[in-house]
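Trainee: I have just opened this model and would like to go through it with you. May we begin with the pockets?
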Amino acid sequence: MSHLVSHDPRFTPRLILRPFRRKDTSAVHDAVRASLPELAEFLPWAVNYQRSVTAQFVKDSIGAWASGRAFDFAIRSIDSEDRHLGNVSVWFTSRANSVGEVGYWIRSDATGQGIGTEATACALQIAFEELHMHRVTTRIALGNVPSERIVQKLGFLKEGTLRDEVKVGSHWLDHSVWGLLDREWRYERRRYATELWVKP
Ligand SMILES: CC(C)(COP(=O)(O)OP(=O)(O)OC[C@H]1O[C@@H](n2cnc3c(N)ncnc32)[C@H](O)[C@@H]1OP(=O)(O)O)[C@@H](O)C(=O)NCCC(=O)NCCS
């Protein structure tokens with residue numbers, strides 16, 4: 001299944017997206033540690049975080065890619081490739097229906113610069129053009145305004161609310177679900193290039 005998506009790095013105007021390698025653990029751990037308050041508000045794995053969480057993630061990511069289950073990308077700047085900026089992932093939720101999901105996080109001292117939008121635009125290009133997905137969704141905790149803004153900018157439509165969808169620490173969080181279809185992608189892709197989120 002690993003032939004589904006090439007291991008080659010992808011380039012956006014400012015970023016490199018590439019698969020994880022074992023030796024990434026330290027750089028990812030540093031980025032997580034520097035972002036814990038923001039990550040732990042919405043992402044269960046960041047609550048009571050320890051370095052072993054990242055070590056396991058990197059190991060699982062390499063295995064998931066090899067088996068075609070999920071495709072996680074390390075986000076790096078073209079200008080400073082050693083500094084881990086965050087993660088963006090794409091995976092199938094229904095292979096029979098060609099439906100998938102995207103997820104992302106950006107280190108806190110690099111937010112507000114459009115990196116989340118640019119990296120997610122690239123992940124959508126992979127979802128629609130390499131994995132040939134028909135529909136891509138994402139789930140966002142109610143109140144996560146920057147994340148909602150990313151998917152609004154990318155042209156997703158809000159489809160509804162999932163009650164108590166994810167437990168973060170001791171709290172259940174409602175999530176909105178957002179979707180983008182392949183016929184919408186064809187139009188949006190041109191706009192993404194104009195916005196300089198993907199290469200023309
Ligand atoms: C959500 C997250 C990925 C955003 O990353 P980012 O690189 O800052 O995203 P971008 O800069 O591309 O876009 C963020 C948008 O939110 C806006 N924004 C940020 N904080 C805001 C706020 N409090 N109110 C309104 N808008 C806000 C920004 O202005 C920007 O919109 P704009 O381009 O129209 O100005 C990052 O904050 C993060 O990783 N958070 C913690 C983990 C997380 O929530 N992951 C997503 C789970 S669904």
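Trainee: Which residues lie nearest the centre of the largest pocket?
Mentor: Please note that this is a predicted model. The residues nearest the centre of the largest pocket are L39, L43, G103, Y104 and W105, and the lining counts 46 residues in total.
Trainee: What volume does the largest pocket have?
Mentor: Its volume is about 1300 Å³.
Trainee: And which strand gives the most to its lining?
Mentor: That is strand β5, residues 99–106, which contributes 6 residues.
Trainee: How many lining residues of the largest pocket are nonpolar, polar and charged?
Mentor: There are 23 nonpolar, 15 polar and 8 charged residues in that lining.
Trainee: What about the second largest pocket, how much space lies there?
Mentor: The second largest pocket holds about 170 Å³. Among the residues lining this pocket are L15, S77, D79 and R83. By class, its lining has 5 nonpolar, 3 polar and 4 charged residues.
Trainee: Turning to the strands, what is the bridge partner of L15 in β3?
Mentor: L15 has S77 as its bridge partner in β3, and both residues also line the second largest pocket. Strands β2 (residues 15–18) and β3 (residues 70–77) pair in the antiparallel sense, over 4 bridges.
Trainee: Which helix packs on the sheet there, touching β3?
Mentor: Helix α3, residues 51–67, packs on the sheet and touches β3 and β4 (84–94). The direction of α3 makes about 120° with that of β3.
Trainee: In what order do the strands of the sheet run?
Mentor: The open sheet has 8 strands in the order β1-β2-β3-β4-β5-β6-β8-β7, with mixed pairing. At the edges are β1 (10–11) and β7 (157–168), each pairing on one side only.

Notes:
Residues are numbered from 1 along each chain as its sequence is written. This is a predicted model: local features need pLDDT of at least 70, side-chain atom pairs count only at pLDDT 80 or more; totals for chains, interfaces and linings use all residues. Side-chain values use heavy atoms; hydrogens and water are left out. On a 1 Å grid over the protein atoms alone, a cavity is a set of points where a 1.4 Å probe fits but cannot get out, and a pocket is an open set with protein on both sides within 12 Å along at least five of seven lines; lining residues have an atom within 4 Å of a point. Grid points are joined across faces, edges and corners, and a volume is the space filled by probe spheres set on the points. Helices (H or I, at least four residues) and strands (E, at least two) are DSSP runs, numbered from the N terminus. Ala, Val, Leu, Ile, Met, Phe, Trp, Tyr, Cys and Pro count as nonpolar, Asp, Glu, Lys and Arg as charged, and the others, Gly among them, as polar. Two strands pair if DSSP finds at least two bridges between them. Contact means heavy atoms within 4.5 Å. Axes are lines fitted to C-alpha atoms, for helices over the stretch in contact, and angles run from 0 to 180 degrees between N-to-C directions.
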